[in-house]
Amino acid sequence: GEALGHRNRSIQVFLNLFQNAFQAMPDGGTLTIIQSKDVTESNNFHIFEIRDTGLGIPKENLDQIFDPFFTTKEPGEGTGLGLAICYGIIKELGGFLSVSSEVNEGTSFFVKIPKHSGHVQMNPIKSV
């Protein structure tokens, strides 16, 4: 159904962000995923922070990373969806995708998804 389609697409976004994080840490590093709730908007959003300890994104690139044709990858290197597509998918789900980064310190992507949209089910599976 439609909810499953949305869920698959949001999973693709996460996988793509993980892939980017790994590519940003060629010598290894730490990938941290933090789930929190946005209390400021009456708890209506799940927020996921995907944080790496990688190369970081230079300030001059930061404003452009969600542009459709922007890439810092060599030809043939980019296999992911591209951040513009990720941004579009999250926006379509009624959410937000944002980034914060320091060169040589790492990058955090923040994925904010409406909690009651049915697009992302984060409840533990109940056993019967």
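Student: How many salt bridges does a search of the whole structure find?
Tutor: The search finds 3 salt bridges. A salt bridge is a side-chain nitrogen of Lys or Arg within 4 Å of a carboxyl oxygen of Asp or Glu. This is a predicted model, where local features need pLDDT of at least 70, side-chain atom pairs count only at pLDDT 80 or more, and totals for chains, interfaces and linings use all residues. Residues are numbered from 1 along each chain as its sequence is written, and side-chain values use heavy atoms, with hydrogens and water left out.

Student: Which residue does Glu92 meet in a salt bridge?
Tutor: Arg9, at 2.8 Å from N to O.

Student: Where in the chain do Glu92 and Arg9 sit?
Tutor: Glu92 is in helix α3 (residues 83–92) and Arg9 is in helix α1 (residues 2–23). The pair is 83 residues apart and links distant parts of the chain. Helices (H or I, at least four residues) and strands (E, at least two) are DSSP runs, numbered from the N terminus.

Student: Which residue forms a salt bridge with Lys59?
Tutor: Glu102 does, with the closest N and O atoms 3.7 Å apart. Glu102 lies in strand β3 (residues 96–102) and Lys59 in helix α2 (residues 59–62), so the pair ties together parts that are 43 residues apart in sequence.

Student: Is Lys59 buried or exposed?
Tutor: Lys59 counts as exposed because its relative accessibility is 55%. Buried means under 20% relative accessible area, exposed over 50%, and partly exposed in between (1.4 Å probe, protein chains only). Glu102 is partly exposed, at 44%.

Student: What does Arg51 pair with?
Tutor: Arg51 meets Glu49 in a salt bridge, 2.9 Å from N to O. Glu49 is buried, with a relative accessible area of 12%. Arg51 is partly exposed, at 36%.

Student: New topic. How many aromatic pairs does the structure hold?
Tutor: It holds 5 aromatic pairs. One of them is Phe14 with Phe18, a tilted pair at 6.4 Å centre to centre and 45° between the planes. Rings of Phe, Tyr and Trp (its six-membered ring) pair if their centres lie within 6.5 Å; planes under 30 degrees apart count as stacked, over 60 as edge-to-face and the rest as tilted.

Student: How many residues apart are Phe14 and Phe18 in helix α1?
Tutor: They are 4 residues apart, so about one helical turn separates them. Phe14 counts as buried, at 11% relative accessibility.

Student: Which residues do ring pairs link into a cluster?
Tutor: Phe14, Phe18 and Phe48.

Student: What sits over the ring of Phe45?
Tutor: The charged end of Lys112, 5.0 Å from the ring centre. A charge sits over a ring if NZ of Lys or CZ of Arg is within 6 Å of the ring centre and within 35 degrees of the ring normal.

Student: Back to helices. Which residues in α1 meet α3?
Tutor: Among them are His6, Arg9, Val13 and Leu17. In α3, the partners include Leu83, Cys86, Ile89 and Glu92. Contact means heavy atoms within 4.5 Å.

Student: And the whole chain: how many helices and strands?
Tutor: The protein chain has 3 helices and 4 strands. From the N terminus on, the elements run α-β-β-α-α-β-β.

Student: How much of the protein chain is buried?
Tutor: Buried residues make up 34% of its 128 residues.
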